[in-house]
There are 4 protein chains.
Amino acid sequence: MLMNRDNSVLLIVDVQAKLAPFIHESEKISANCVWLAQVAARVGVPVVVTEHFPEKIGGTLESVRAVTPDARYVGKQCFSAQADGCLRGTEVERRPQVIVCGTEAHVCVQQTALDLRWAGKQVFVVADASGSRNPANRDLAFERMRGHGLEIVSREMVAFEWLQRGGTELFREVNRDFIR
Amino acid sequence: MLMNRDNSVLLIVDVQAKLAPFIHESEKISANCVWLAQVAARVGVPVVVTEHFPEKIGGTLESVRAVTPDARYVGKQCFSAQADGCLRGTEVERRPQVIVCGTEAHVCVQQTALDLRWAGKQVFVVADASGSRNPANRDLAFERMRGHGLEIVSREMVAFEWLQRGGTELFREVNRDFIR
Amino acid sequence: MLMNRDNSVLLIVDVQAKLAPFIHESEKISANCVWLAQVAARVGVPVVVTEHFPEKIGGTLESVRAVTPDARYVGKQCFSAQADGCLRGTEVERRPQVIVCGTEAHVCVQQTALDLRWAGKQVFVVADASGSRNPANRDLAFERMRGHGLEIVSREMVAFEWLQRGGTELFREVNRDFIR
Amino acid sequence: MLMNRDNSVLLIVDVQAKLAPFIHESEKISANCVWLAQVAARVGVPVVVTEHFPEKIGGTLESVRAVTPDARYVGKQCFSAQADGCLRGTEVERRPQVIVCGTEAHVCVQQTALDLRWAGKQVFVVADASGSRNPANRDLAFERMRGHGLEIVSREMVAFEWLQRGGTELFREVNRDFIR
């Protein structure tokens, strides 16, 4: 089924200070994570943020922190947040659709996304909000995830499916502030 | 199975005046929608045209209107024409093969096409007659739809499958007027 | 399973005089059809050649005719050779693996290949020996056929799978005359 | 499931002296095979190396030999190492996940990988450590293998999945020596 805001949770993976500068198209990726977090807040979708060894790799980027005041932040040691156990008790456990973005696309994003799929979730990875240091790795990850039935989407697909229809006050707001 | 003109309906999605100018390769996309509508008329395939909030986004392009005098026009408020309900009672409901084109490929075309697939239709999206403002969104939509078993085709595939064979008067006409 | 020369038949589709000049990379495509026919002859794989309305579109290219003295030539009127019925009684009917090449990739090659697949054959379409006037059509055809479980291969894959092993006299001959 | 070092064996296919110079991006491919063998040794994954008619095509590259002192070397005559029988009694037979790299991607790598898949293995082909003389053949092989459920991965995916988590001494070593 399409993404539905009542079923969705946004999972932002490891957008951290000491990793971000090395990511291909880093500014676009982090800006799109911010955009997704803002749209999620506006339509009422909960947000979970993972941080991989923040004491080593740094905290989540300030731009993301600023727009996720209500998000649940969890630390992890396994590359796969699902295998780590850090998602237990979060909205990721409660909601059937997980929209995943962040870095690196072929490491923590992919391992988390595949494990969530095998745990029974419907998983959507946001291509224009996910990156790797080397874009060839990112592209291989997208193809590999497609092969397992995950959906590789764009941030606009997420927004339009969460909104479902035009003509509402909510659509007008999101369209004016984020899409135009 | 291949596309067959007795089983097919052509669904033109939201080729509207205030959206068209912003679509990548807009002229090619709308010209190919016109081409498909003309071939459909020649081989006897019914046409349905959707308009999303025409009072805001404008009516269907005049070039498309001019070649669809017998088409059924329906307005909609949901991005997915299938979810909206506007296709009820149209040929889309009656025929098993729906050939979809229009804009935006990653929003209304994709949502409609996926919902039609999940409603049991065999869905063919015409790549060279479907567009988005940003072509990266269009390409992600085509890949995502492929993952759900939809067929991404070209306008020529549609015409040759509807015609099925050479040597007929119908083939000569369509070949002379549209393919050569 | 891999291609096996005892199970295979080579089907060359519509490499005809009045169509060939308009095909993208026409010389490469027809040269590779010739190459496949020669390798087929050397390893003992039968060849079937289709011609679409030869009285209008011309006979098969002389270069192909010259290397297929033992091939079965059949005329057809449907774009799909399988739907046409012209393959009845040929080796295509008797052998489970059909290796398809020719033109146009998105019309007669694709319609024939899909119909053969749906008739229960294992179908391999040779990418570097199949073409369309517009290469975008060819690429869409390859993706569409992949979605139905057909295998898009290269001419070298065909040769190496037919040969199966090195060290034989047959391998030395084919390697010396065709691969090096 | 993801790659796991307790389940994995690394299979290096035909990285041989008289073939290597003709491979597209030969130096990158062989360097990445060396890299994978080194990481495998560090994390305790066994390595098997095939050589196709070494008396004709030469032995495995010295750079690979130097880092595989404990590997099992096997000769073969069939292009598919699995069909050849040379993998019998090796770790490939005992472990369920086979990580494959080497040359040529569309001949011996592909035939071996497909046959291993059909024999029940979970097969991962390392894209940036596998090559062909003509890169178009390599790309067609990757797509064809995807169609059969094989996973096309990158060397970094292999390393991070074998490591599974940060914070360990093993991770620090591999990260310092191979990833940074």
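**Figure 1. A salt bridge joins C:E151 to D:R144 in this predicted model.** The closest N and O atoms of C:E151 and D:R144 are 2.7 Å apart. Across the interface of chain C and chain D, 3 salt bridges are found. Polar contacts also cross between these two chains: 8 residue pairs, both partners at pLDDT 80 or more.

**Figure 2. Several elements of chain C face chain D.** Two or more residues each come from β5 (122–131), β6 (151–153), α8 (155–163) and α9 (169–179) of chain C. Helix α8(C) gives the largest share, 5 residues. By residue class, the side of chain C that touches chain D holds 12 nonpolar, 4 polar and 7 charged residues.

**Figure 3. Chain C and chain D bury about 1,700 Å² between them.** Carbon and sulfur atoms give 57% of that area. Three residues stand out on the chain C side: C:L2, C:M157 and C:F160. Together they supply 31% of the area that chain C buries against chain D, more than any other three residues. In terms of contacts, 23 residues of chain C meet 20 residues of chain D.

**Figure 4. Chain B carries an open sheet of 6 strands.** The strand order is β3-β2-β1-β4-β5-β6, with parallel pairing. Strands β3 (72–76) and β6 (151–153) of chain B stand at the edges. Each has a single partner strand, so one side of each is left without a neighbour in the sheet. From one strand to the next, the twist averages 25 degrees.

**Figure 5. Strands β2 and β3 of chain B pair at one end of the strand order.** Strand β2(B) covers residues 47–52. Its pairing with β3(B) is parallel and runs over 5 bridges. Within this pair, B:V48 has B:R72 of β3(B) as its bridge partner.

**Figure 6. Helices from chain B and chain C pack on the chain B sheet.** Helix α7(B), residues 135–147, lies across β5 (122–131) and β6 of chain B. Its direction is at about 165 degrees to β5(B). Helix α7 of chain C, residues 135–147, touches β5 and β6 of chain B. The direction of α7(C) makes about 165 degrees with that of β6(B).

Terms used:
Residues are numbered from 1 along each chain as its sequence is written. Chains are lettered from A and ligands numbered from 1 in the order in which they are written. This is a predicted model: local features need pLDDT of at least 70, side-chain atom pairs count only at pLDDT 80 or more; totals for chains, interfaces and linings use all residues. Side-chain values use heavy atoms; hydrogens and water are left out. Contact means heavy atoms within 4.5 Å. Buried area is the accessible area (1.4 Å probe) that two parts lose on being put together, summed over both. A salt bridge is a side-chain nitrogen of Lys or Arg within 4 Å of a carboxyl oxygen of Asp or Glu. A polar contact is a pair of N or O atoms within 3.5 Å; within protein, one must be able to donate a hydrogen and the other to accept it, and residues adjacent in sequence count only if both atoms are side-chain atoms. Helices (H or I, at least four residues) and strands (E, at least two) are DSSP runs, numbered from the N terminus. Ala, Val, Leu, Ile, Met, Phe, Trp, Tyr, Cys and Pro count as nonpolar, Asp, Glu, Lys and Arg as charged, and the others, Gly among them, as polar. Two strands pair if DSSP finds at least two bridges between them. Axes are lines fitted to C-alpha atoms, for helices over the stretch in contact, and angles run from 0 to 180 degrees between N-to-C directions.
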